[in-house]
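Hello,

Here is the structure I promised to pass on. Please open it first, then read my notes below.

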Amino acid sequence: MLDVARIRKDFPILERKVHGKPLVYFDNAATSQKPRQVIDALVRYYEEYNANIHRAVHTLGEEATAAYEAAREKVARFINAPSTETIIFTRNTTEAINLVSYSWGNANIREGDEILLTEMEHHSDLIPWQRLAAEKGATIRYIGLTEDQTLALDGIENLFEANTKMVAMPHVSNSLGTINPVEKIAREARQRGVMFLVDGAQGAPHLPVDVQAIGCDFYAFSSHKMLGPTGVGVLYGRRDLLEEMDPFLGGGEMRRKVTFEGATWNDLPWKFEAGTPNIADVIAFGAAIDYLTDLGMDNVRAHEIEITAYALDRLRQLNDITLYGPPDPADRGGVVSFNLGEVHPHDVGQVLDQYGVAVRAGHHCTQPLMRSLGVSGTARASFYVYNTPAEVDVMIEALKAARDIFRLPEHSAP
Amino acid sequence: MTSSREEYARQESDLDELYRDIILDHYRNPRHRGSLTDPSASHEGLNPLCGDEVTVDIALRDGRIEDIAYRGSGCSISQSSASMMTEAVEGKSADETRELIHGFTEMMRGSDDIDPEALGDLEAMAGVRKFPVRVKCATLAWHTLEEALDEAAKAS
């Protein structure tokens with residue numbers, strides 16, 4: 001298990017107060033806080049070896065290049081990618097998915113093809129595909145949800161049509177917490193020759209991830225949701241696919257030989273990293289990966305199951321709470337979405353903020369999902385390595401205050 | 001640093017100011033909620049950031065708002081502000097209404113030129129100013145009404 005008291009000492013921001021109350025940070029699905037080790041790595045780079053990478057013959061350039069490429073190795077090990085060539089740094093998950101929809105999609109999606117998504121898609125894994133489909137005359141189909149808000153996968157062997165070319169879905173739903181059976185989907189997809197992209201924005205930060213065991217073709221995630229800085233995303237891609245794909249952006253670093261007539265592309269992964277990359281943040285992301293690796297992702301997962309189970313229990317004891325997502329904490333990530341009676345989620349979020357509790361309120365960039373749930377939005381508490389059951393208790397007290405303010409009719413729990 | 005007891009009291013009073021009784025009363029018992037059968041103009045207002053929606057119908061006769069109705073969904077502030085607005089402008093001339101819209105939005109902007117007390121019950125919304133992200137919720141219905149007045153003026 002995690003030593004949460006010790007972990008909390010590594011996060012300077014947890015000492016701050018909000019409206020005179022200790023900060024209870026439950027908005028980790030939006031972005032996580034950063035430990036001292038990550039902040040120090042950023043400062044050390046700028047103070048000690050700030051230089052551009054890959055082309056310098058001087059000492060600072062060599063040190064910066066080594067640290068940047070070491071971060072790539074850490075990321076590859078973290079998700080058990082077969083080689084560093086399959087790890088491409090982007091700005092964020094959204095850019096990683098756009099890279100695939102552009103570079104792979106343009107060459108492979110044709111009129112009449114189908115792209116398969118889910119009803120729990122985040123806008124970042126929805127809009128790139130909608131754009132591609134509109135451009136190519138392809139269609140999009142959505143896998144629906146069961147009553148428990150898991151994917152409706154009865155008859156999984158019939159999931160794909162003859163014209164299905166790509167299936168993409170979140171590893172873990174950012175709005176519901178649902179963990180999707182990506183290994184199963186990957187098996188089916190491979191048999192049918194369908195490409196499979198996993199939006200791992202809520203997966204890699206919270207679950208042990210092994211892209212080879214999953215068997216997906218692409219896996220995308222972001223540094224800032226896993227203790228690292230903003231501005232760094234990762235695309236893992238199958239090597240043979242990445243080799244065939246054209247670059248996403250043109251510029252420095254991505255070329256091998258340039259003449260006035262044209263250019264030949266550089267080797268992987270640099271072919272996809274045009275221009276000066278986000279050197280400092282990639283290096284600090286390496287420190288975040290070290291931090292998570294030291295904790296052990298199995299321990300991170302166990303901690304989140306425990307706190308999620310506790311939060312679900314306490315919320316169920318409150319009157320007027322509607323919970324979304326699978327009831328069993330083992331089937332979900334550390335995300336708890338709920339509504340308090342008819343009270344609008346923004347009103348709930350506002351009252352919680354006055355108690356120092358930061359949650360997200362709204363549609364969580366999943367508007368189609370909210371529409372199919374029949375709500376305008378939800379309040380969402382999402383947990384990470386530094387959160388405690390005592391913090392859940394603070395949220396529960398704040399919810400009682402919200403209930404009093406909006407004076408919902410009292411009736412006893414079932 | 002203030003003591004935690006003082007902070008606690010301040011936090012309570014901030015919330016009390018945001019959710020004043022009169023605002024909560026309009027939230028729970030909305031006035032003029034619904035639609036008009038034969039409106040002079042109808043306009044839908046949207047706050048894309050938080051998804052608040054308000055549609056305002058007005059029926060003008062001899063330049064006065066003879067009847068008004070609103071419908072929509074959103075947070076307590078957006079919906080109660082719409083409800084309070086309908087009560088405040090019913091029976092007023094278009095010019096008087098525009099003046100009130102101006103006064104209300106100026107108050108919400110924190111303008112010194114407006115005495116909130118002069119706005120009657122609407123003064124209750126002044127507490128929302130402490131919560132800048134919610135100001136747009138409070139003004140949504142008012143901007144929507146203004147659009148409806150413009151539409152009616154164009155049509156006549």
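Helix 3 of chain A covers residues 59-78 in this predicted model. How far apart are its end C-alpha atoms? They are 28 Å apart. At 1.5 Å a residue, its 20 residues should span 28 Å, so the two values agree.

Now look at which of its residues are buried. In helix 3 of chain A these include Ala64(A), Ala67(A), Tyr68(A), Ala71(A), Arg72(A) and Val75(A). Ala76(A) and Phe78(A) are buried too. An α-helix has 3.6 residues a turn, so residues three or four places apart point the same way. What do the buried residues of helix 3 of chain A pack against? Their partners in chain A are helix 2 (36-49), strand 4 (87-90), strand 10 (233-237) and helix 9 (279-295). Just after this helix, Asn80(A) has a positive phi of about 50 degrees.

Next, chain B. Helix 3 (residues 76-89) of chain B packs against helix 5 (residues 135-155) of chain B. The angle is about 45 degrees, and the axes are 6 Å apart. On the helix 3 side, Ile77(B), Ser78(B), Ser81(B), Ala82(B) and Met85(B) make the contact. Among the residues they meet in helix 5 of chain B are Trp142(B) and Leu145(B). This contact has 9 nonpolar residues, 2 polar and no charged.

Last, the two chains touch. Chain B gives 14 residues and chain A gives 13. Helix 1 (residues 4-18) of chain B gives the most to chain B's side, with 6 residues. That side has 6 nonpolar, 6 polar and 2 charged residues.

Best wishes

Technical notes:
Residues numbered from 1 in each chain as written. Chains lettered and ligands numbered in written order. Predicted model: local features only at pLDDT ≥ 70, side-chain atom pairs only at ≥ 80, totals over all residues. Helix = DSSP H or I, 4+ residues; strand = E, 2+ residues; numbered from the N terminus. Expected span 1.5 Å × (residues − 1). Buried ≥ 20, exposed ≤ 12 C-beta atoms within 10 Å, placed from the backbone. Contact = placed C-beta atoms within 7 Å. Axes fitted to C-alpha atoms, helices over the stretch in contact; angles between N-to-C directions. Nonpolar A, V, L, I, M, F, W, Y, C, P; charged D, E, K, R; others polar.
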